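Below is a short briefing on a protein structure, arranged by topic. Please read it alongside the coordinates.

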Amino acid sequence: MTSRRLIAILFGAVIALVTACGGGSSSAPASHPSSSPPHSSSSASTGAAAKQKSSGGIPQNGGGDHDSDNNGGPSDGDGNI
Amino acid sequence: MRIQRHRALIAGAATVIAAGAIAASVAFASGSGATGSPGSAAAHSRVAAAAGSRPAGRAALNWFRAGPAPADWHQVTLPGGGAVLSYPPSLSPMTGDKGTVSEGFTRSGRVLVYLNVTPRQGDETLSGWAHFRVGHLTDDDASSARLDGAAGGLRFRGGPGSCVVDDYVTRVHANHYREIACFVRGAHASSVVVAATPAADWARYGSLLERAVDSYAVR
């Protein structure tokens, strides 16, 4: 009976060892995203801005207004593409 | 006796494994702390790199002094009345987007002086103007753009503004322009004023562009 208990302790210890290693490895990727959000959030906002820019607003060259900025001229002050 | 020895052996092995498990946990915990440190150091170095890539700052806009235009300059009001652009008589209207105002001076089809006023259309803000403008240039019609200077908190006639001085190369014909571009918030409307010239002609026309920006007024 006591011997079985000891075997159970032994088994438990092995499980603890495996868990310790496995848990550690799952926390490693989590530490990576914590340093990268500023990057991804800024690129996300840029993407959102770009999406917003491409919709609506004053018609651009594609709309046939013949302004200079897509023909090698200086860029105007529009907030859309 | 044999059973006791067997128990002792199992107990010893269990103790060693348990100690190993604890040691491994502690070591891993401190190890992840160690990987966290380089991570935060990397984050710091990214911030430093970003700070290092910032433009020279306000120096490129030290000339700015809001004030009236020379007496012989003309004025044109943005449709809707949100802003007034002053420009020298040598400039003439240029084709532009509906709802905007453009005045310029060309020679042999080459734009030498370009002034444009456009009402706020997108995500332009006073605080994010430099980022917006340079990002927009490369999104739109420039193959490359470089921020040469930026300043916020400028007091235009009628409201606060943020300005950049930048230069860019167009995708079409690879023309290299240098510009002053400002986002100005009026009491009733916000707008963007752009004053540009070929980079090679900045020495000749730069002061004219600065004067046009100085006299820009919003309502």
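B:His173 lies in the loop between strand E7 (159-170) and strand E8 (176-185) of chain B, where helices (H or I, at least four residues) and strands (E, at least two) are DSSP runs numbered from the N terminus. This is a predicted model, in which local features need pLDDT of at least 70 and side-chain atom pairs count only at pLDDT 80 or more, while totals for chains, interfaces and linings use all residues. Residues are numbered from 1 along each chain as its sequence is written, and chains are lettered from A and ligands numbered from 1 in the order in which they are written.

- A residue is buried if 20 or more other C-beta atoms lie within 10 Å of its own, exposed if 12 or fewer, and partly exposed in between, with C-beta atoms placed from the backbone.
- B:His173 is exposed because it has 11 C-beta neighbours inside 10 Å, and its phi is near 70°, a positive value in a residue other than glycine.
- B:Ala174 is in the loop between E7 and E8 of chain B, has a positive phi near 50°, and counts as exposed because it has 11 C-beta neighbours inside 10 Å.
- Most residues other than glycine have a negative phi.

**Sheet and helices of chain B**
- An open sheet is formed by seven strands with antiparallel pairing, in the order E3-E4-E5-E9-E8-E7-E6 (chain B); two strands pair if DSSP finds at least two bridges between them.
- Strand E3 (92-93) and strand E6 (142-156) of chain B are the edge strands, each pairing on one side only.
- Helix H2 (residues 129-140) of chain B packs on the sheet and touches E6, E7 and E8 of chain B; its direction makes about 155° with that of E6(B).
- Angles run from 0 to 180 degrees between N-to-C directions, and axes are lines fitted to C-alpha atoms, for helices over the stretch in contact.

**B:Leu112**
- B:Leu112 belongs to strand E5 (residues 110-119) of chain B and counts as partly exposed because it has 17 C-beta neighbours inside 10 Å.
- The C-alpha atoms of B:Leu112 and B:Thr197 are separated by 5.2 Å, although the two are 85 residues apart along the chain.

Methods
Contact = placed C-beta atoms within 7 Å.
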